[in-house]
Amino acid sequence: MAESLILKTLTISAGATPIVSVSLTAAAGEITTLMGPSGSGKSSILAAITGTVPDGLFATGEILLGGQNIATFPGWKRHIGILYQDDLLFPHLSVGGNLALGLAPGGRRTERQGRVKRALSEVGLEGLAARDPATLSGGQKARVALMRVLLSEPRALLLDEPFGTLDSELRSQIRSLVFNHAKARGLPTLLVTHDPQDAEAAGGPVIRLR
Amino acid sequence: MTLSPSHLFFWLTVLILGGPVLAGLTGVVAGAMGHVPGLQNAIPAGDVWGAVWSWPGIGRSVTLSFWTGLLAALISLASATLIMAGWSGTLSFARARHWLAPFLAVPHAAAAFGIAVLIAPSGWIARALSPWLSGWERPPDLLILGDPLGLAMVLGLIVKELPFLLLMMIAALPQAKAATSMALVTALGYGCARGWLLAVFPGIYRQIRLPVYAVLAYSMSAVDAALILGPTTPPPIAIVILRWAADPDLSLRALASAGALVQLGLVLVALVLWRLGEIAVAQLGRSLAESGQRGSGRAAEIAAATLAATSGIFLFGGFAVLALWSVAGAWHFPAFLPETLSFRVWASHGAALVETGAATLLLAFAVVALALALALGSLEAKPHRCLLTALVYLPLIVPQVTFLPGLQAASLKIGLGSGALPVGLMHLVFVLPYLLLVLADPFNALDPRYRTIAAGLGLSPARQFWRLRLPLLLTPIAGAVAVGMAVSIGQYLPTLLAGGGRLPTLTTEALALAAGGDRRVIGAYGLAQAAAALAPFALALALPRRVWRNRQGMLHG
Amino acid sequence: MRLAYTLAAALAAPQASLAANPVDWPSVLSEARGQNVYWNAWGGSEATNAFIGWVGDRVEADYGVSLVHVKLSDTADAVSRVLAERAAGIDEGGAIDLIWINGANFAAMKSEGLLFGPFAENLPNWAFVDGEGKTVTTDFTVPTDGYESPWAMAQVVFMRDTADLPDAPGSAAEILDWATAHPGRFTYPQPPDFLGTTFLKQMLVDLTNDALALAAAPESDAAYEAVTAPLWAYLDALTPHLWRSGRAYPATGPAQLQLIYDNEIDLAISFSPGEATAAISNGLLPDTVRTSVLAKGTIGNASFLAIPYNANAAAGAMVVADFLLSSEAQLRAQDPAILGYGTVLDMAKLPDADRAAFDALDLGIATLSPAELGTAQPEPHPDWMTRIAADWQHRYGAGL
């Protein structure tokens with residue numbers, strides 16, 4: 001499905017005062033970069049898209065996904081995946097358990113296990129399904145986090161400065177991995193970062209917030 | 001706003017926290033105006049209050065309750081603060097939770113029994129010193145238990161309140177940014193203890209203010225410690241109220257209601273006084289901070305260790321003596337150990353103990369299960385936080401003796417009868433606040449990004465609760481269950497009033513048998529009480545370790 | 001405030017319900033079978049608790065009645081309960097079926113119409129009860145009218161540890177002399193505990209010149225002051241020499257046993273002639289303890305069983321009350337190794353075999369024989385006790 005993510009005057013306000021307002025189009029298969037200094041409201045924009053605006057703030061405007069305004073949907077019905085700076089793998093589940101959580105319910109157990117295994121081998125982590133996530137290295141965790149979100153078949157992908165904790169070599173590796181997968185699946189992707197190298201590697205339109 | 005299950009749970013919680021107290025207070029106010037249920041004619045309110053103030057020793061009873069309550073709360077808080085300062089807040093929550101758990105689990109009555117057999121003139125301490133040091137061949141005629149100043153009772157209260165406040169303080173450390181503050185002040189050259197007091201304590205106190213108020217209210221109105229250790233000529237006012245409520249002269253029940261209001265008034269006055277004290281201490285702290293005196297750490301460390309050790313000795317020493325008495329055959333003064341051993345008491349009471357213990361634990365478990373559902377549901381609803389915070393302490397600050405009799409009358413009127421159901425509901429009123437208190441912080445500390453990620457993965461809020469939040473909270477939930485069960489097991493007044501005598505628990509049986517004075521029986525029941533309350537704590541420590549044995553992220557979380 | 005007592009005569013008590021009519025005993029028996037009877041009785045004595053447990057086994061075996069002992073620390077708790085139930089409109093199926101009761105508690109329940117009955121004189125075993133020689137038809141001078149059934153006779157005795165106090169004090173004055181010479185070695189339970197007020201009554205009876213005045217309510221305040229003056233003078237002299245100088249008292253009678261055992265006191269009052277023997281055989285008292293009465297005699301009264309008007313299992317309760325009047329139960333209660341209570345039965349009315357069993361009973365080393373116990377002095381009217389207990393609070397119970 002080649003849907004684009006369009007933000008129409010998406011405004012975050014505290015009371016009557018608008019904090020940030022943005023309009024953009026993130027085309028399918030493209031990585032759109034949102035840049036700005038700290039405090040410019042980048043993360044609030046992402047929160048508005050996922051439907052998790054913190055108390056005290058509220059969002060107005062439209063969020064169109066494939067022409068549908070999902071701003072009125074509760075967060076869990078929007079099917080928008082997100083990757084954060086921390087991998088945030090659920091500590092009480094195994095690696096395979098984390099991955100399976102995103103799979104839609106239904107299907108036989110062997111089928112689901114098969115999909116998990118395939119996802120793991122896609123990123124070179126075969127055989128780690130039963131492992132405790134706390135025992136993985138930083139790079140391995142980032143790869144599991146990526147496959148977790150992709151297995152849930154999102155309609156769009158949000159990246160909230162996801163490469164910040166990785167050292168420089170790993171950084172470019174994981175970055176390419178994430179971008180390639182997002183492009184291969186034709187997902188509209190919105191990257192929030194303050195690192196110009198990330199924006200360059202993304203290769204898509206760059207929008208700057210003041 | 002759709003009415004999801006969690007909202008239902010939230011409003012039910014609000015109802016359970018606020019409703020009974022209100023209903024009880026209404027009954028008590030009516031009673032104080034002379035309307036006693038069951039008495040044909042109402043008594044003029046003037047007569048009621050006149051009788052209250054002319055009751056022999058009422059003035060002393062009131063002042064006794066007032067000052068012992070304040071003293072117990074003050075010493076508990078000061079000691080807990082000193083322990084924290086002396087160890088400079090290096091206590092980690094996880095470790096502290098382990099060794100504080102036994103202190104918290106033990107019901108008040110059991111702790112009071114232990115202290116009684118320890119400090120009495122014929123108690124273990126006296127026996128340890130006799131006759132080689134003290135020269136006593138017979139127990140000295142010293143007024144220790146039931147001393148007119150109520151000091152024995154204060155000791156009984158401190159032994160339980162100190163660990164409670166300590167745990168509250170330790171739990172408040174992260175939010176008070178203890179680690180960074182300590183690093184700052186030690187870099188400025190302050191000794192550890194003084195630095196802690198000046199930099200960390202104010203932040204901590206802000207968070208533990210309500211628990212401190214609850215401790216103050218409890219100290220002034222507790223019945224268990226007063227019955228076992230308190231003075232009897234005259235007794236504290238809570239006991240006087242109980243006596244009025246139980247007198248065969250039915251018109252004295254109006255006095256009991258009036259007394260209940262006096263008790264409430266005392267608590268309110270004490271709270272105001274305490275608040276003024278807070279302001280004064282804050283002022284003192286500020287001038288101390290501005291004076292720039294650095295202080296050293298040694299003295300505070302020693303004081304902390306001494307306080308902690310003394311508290312432990314009184315609690316566990318008491319239990320050691322109770323255990324000895326329960327297996328004592330002949331044990332005359334001044335022998336330190338029993339002369340012969342006998343399992344007569346265990347043999348004759350064993351079956352009853354097991355039966356009563358099972359009933360006590362079953363009731364506790366049912367109450368806690370219901371309270372857990374309500375608490376988790378309320379937290380899920382992300383409700384009006386101020387409402388919940390205010391209400392959560394309501395049943396803990398309004399003295400039990402103030403609203404329980406009115407509540408009992410109401411429950412009989414609506415046909416609840418007597419037995420397990422009304423007792424369980426009454427226990428719920430006291431267990432629910434503790435569960436909310438224990439679970440609120442861990443619940444709110446869950447990384448909110450988990451919720452976002454899960455929502456992004458397509459999990460509905462219900463699925464998020466069952467598959468994410470619940471398992472992630474397993475350790476705090478286990479701890480909360482243990483605390484809740486300990487609270488239920490230790491309840492005396494609610495079980496007595498609502499049970500109609502048909503639901504004997506270990507606590508009510510222990511206090512009934514205590515009047516008979518046979519220390520061997522008291523020892524057996526005291527131990528049984530403590531064991532019943534400790535068992536869930538042992539499980540709460542063991543269970544998460546077992547479940548998360550392959551999940552390091554959960555074990556060190 | 002004393003509405004309850006001033007209205008005493010006016011209130012008529014409810015008739016026995018048709019369902020549990022004690023006159024038709026076979027129907028009572030059949031109704032009782034399978035019932036749960038909740039007997040609210042003082043639970044502060046191990047010996048009594050064990051005895052009640054035995055009664056439960058026997059009535060289960062013989063009549064199919066399940067007896068549950070609800071342990072009270074104070075009989076007034078049961079009175080409160082029934083009162084609360086009536087206030088809530090619970091006129092049947094109440095939580096309490098049987099109460100071990102007497103004195104002021106009985107007077108209060110009777111005057112408030114809270115009792116089932118009359119039933120006592122319809123119990124089959126009433127035929128053997130000594131209604132003439134023992135005070136079983138009046139309770140503290142208040143007529144029972146069949147609203148309570150007796151089950152044990154009690155008489156005041158004094159327990160002493162002969163190791164420290166070899167000779168029994170024979171009068172109140174002798175107790176005072178001894179206590180003055182040995183301060184801190186004597187005490188009594190704190191009023192309003194039943195035994196504590198009994199001590200006050202006993203001293204009053206022993207000291208007074210006007211015993212007749214005690215048989216009825218005080219005529220006037222002046223009369224009350226005059227009669228009780230010797231008691232207060234006595235206590236003023238005694239209290240500073242008491243255990244803990246009178247600033248604390250044991251809570252109940254049995255609590256005194258622990259004090260004697262610990263060698264804190266040497267003299268204590270008891271309402272059960274056989275209590276000392278029972279305690280010795282259970283290792284709760286040293287075997288040097290003996291009992292005695294005063295030269296002029298001591299107060300005696302009966303323990304009764306009453307059934308609340310709204311009892312759920314009135315039939316079962318009557319069966320239990322009747323069983324307690326049986327020779328088997330009375331014999332066992334009198335056995336000093338078990339309870340050591342006095343019997344309410346008239347030996348002359350018993351069949352020969354039963355009478356022989358009573359005669360053969362070994363009363364134990366610390367129990368006085370019926371001859372040694374002498375005549376029981378009658379209880380004063382309950383109004384004396386209530387006023388004396390209240391005055392005691394003012395004088396000695398509110399801080400010295």
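1. Over how many bridges do strand β7 (residues 157–161) of chain C and β9(C) pair, and in which sense? Strand β7 of chain C and β9(C) are joined over 4 bridges in the antiparallel sense. Two strands count as paired if DSSP finds at least two bridges between them. C:R160 has C:R290 of β9(C) opposite.

2. On the model and its conventions: this is a predicted model, in which local features need pLDDT of at least 70 and side-chain atom pairs count only at pLDDT 80 or more, while totals for chains, interfaces and linings use all residues. Residues are numbered from 1 along each chain as its sequence is written, with chains lettered from A and ligands numbered from 1 in the order in which they are written.

3. On confidence in chain B: the mean pLDDT of chain B is 86, with 95% of its residues at 70 or more (pLDDT is the predictor's confidence in each residue, from 0 to 100). Where pLDDT is low, the predicted coordinates should not be read in detail.

4. On the sheet of chain C: β7 of chain C belongs to an open sheet of 3 strands, ordered β8-β7-β9, with antiparallel pairing. At the edges are β8 (267–270) and β9 (289–292) of chain C, each pairing on one side only. On average, neighbouring strands of this sheet are turned by 30° against each other, direction ignored. Helix α9 (residues 253–261) of chain C packs on the sheet and touches β7, β8 and β9 of chain C; the direction of this helix makes about 155° with that of β8(C). Elements are DSSP runs numbered from the N terminus: helices are H or I of at least four residues, strands E of at least two. Axes are lines fitted to C-alpha atoms, for helices over the stretch in contact, and angles run from 0 to 180 degrees between N-to-C directions.

5. On the domains of chain C: the domain assignment gives domain 1 (12–152 + 302–368) and domain 2 (157–299 + 378–396); such bounds come from an automatic or database domain assignment. The centres of the two domains of chain C, taken over C-alpha atoms, are 27 Å apart. Their contact takes 23 residues from domain 1 of chain C and 23 residues from domain 2 of chain C, where two residues are in contact if their C-beta atoms, placed from the backbone, lie within 7 Å. Helix α5 (residues 103–111) of chain C gives the largest share of the domain 1 side, 3 residues. That side of domain 1 consists of 14 nonpolar, 9 polar and no charged residues. Here Ala, Val, Leu, Ile, Met, Phe, Trp, Tyr, Cys and Pro count as nonpolar, Asp, Glu, Lys and Arg as charged, and the others, Gly among them, as polar.

6. On chain B against chain C: 44 residues of chain B are in contact with 55 residues of chain C. On the chain B side, α11 (237–246), α17 (400–413), α23 (506–514) and α24 (519–547) each supply at least two residues. The most comes from α17(B), with 4 residues. By class, the chain B side has 20 nonpolar, 14 polar and 10 charged residues.

7. On chain A against chain B: 24 residues of chain A and 22 residues of chain B make up the contact. Strand β6 (residues 80–83) of chain A provides the largest share of the chain A side, 3 residues. The chain A side has 13 nonpolar, 10 polar and 1 charged residues.

8. On the sheet of chain A: 4 strands form an open sheet in the order β2-β1-β4-β5, with antiparallel pairing. β2 (17–26) and β5 (68–69) of chain A are at the edges with a single partner strand each, so one side of each is left without a neighbour in the sheet. Strand β1 (residues 5–14) of chain A runs antiparallel to strand β4 (residues 58–65) of chain A, joined by 7 bridges. A:L7 has A:I63 in β4(A) as bridge partner.

9. On helix packing: the axes of helix α4 (residues 138–151) and helix α5 (residues 168–184) of chain A come within 11 Å and cross at roughly 10°. α4(A) and α5(A) are therefore roughly parallel to each other. Helix α5 (residues 108–119) and helix α13 (residues 298–326) of chain B have axes 7 Å apart and pack at an angle of about 80°. α5(B) and α13(B) are therefore roughly perpendicular to each other. Angles under 35 degrees count as roughly parallel, over 145 as roughly antiparallel, 65 to 115 as roughly perpendicular and the rest as oblique.
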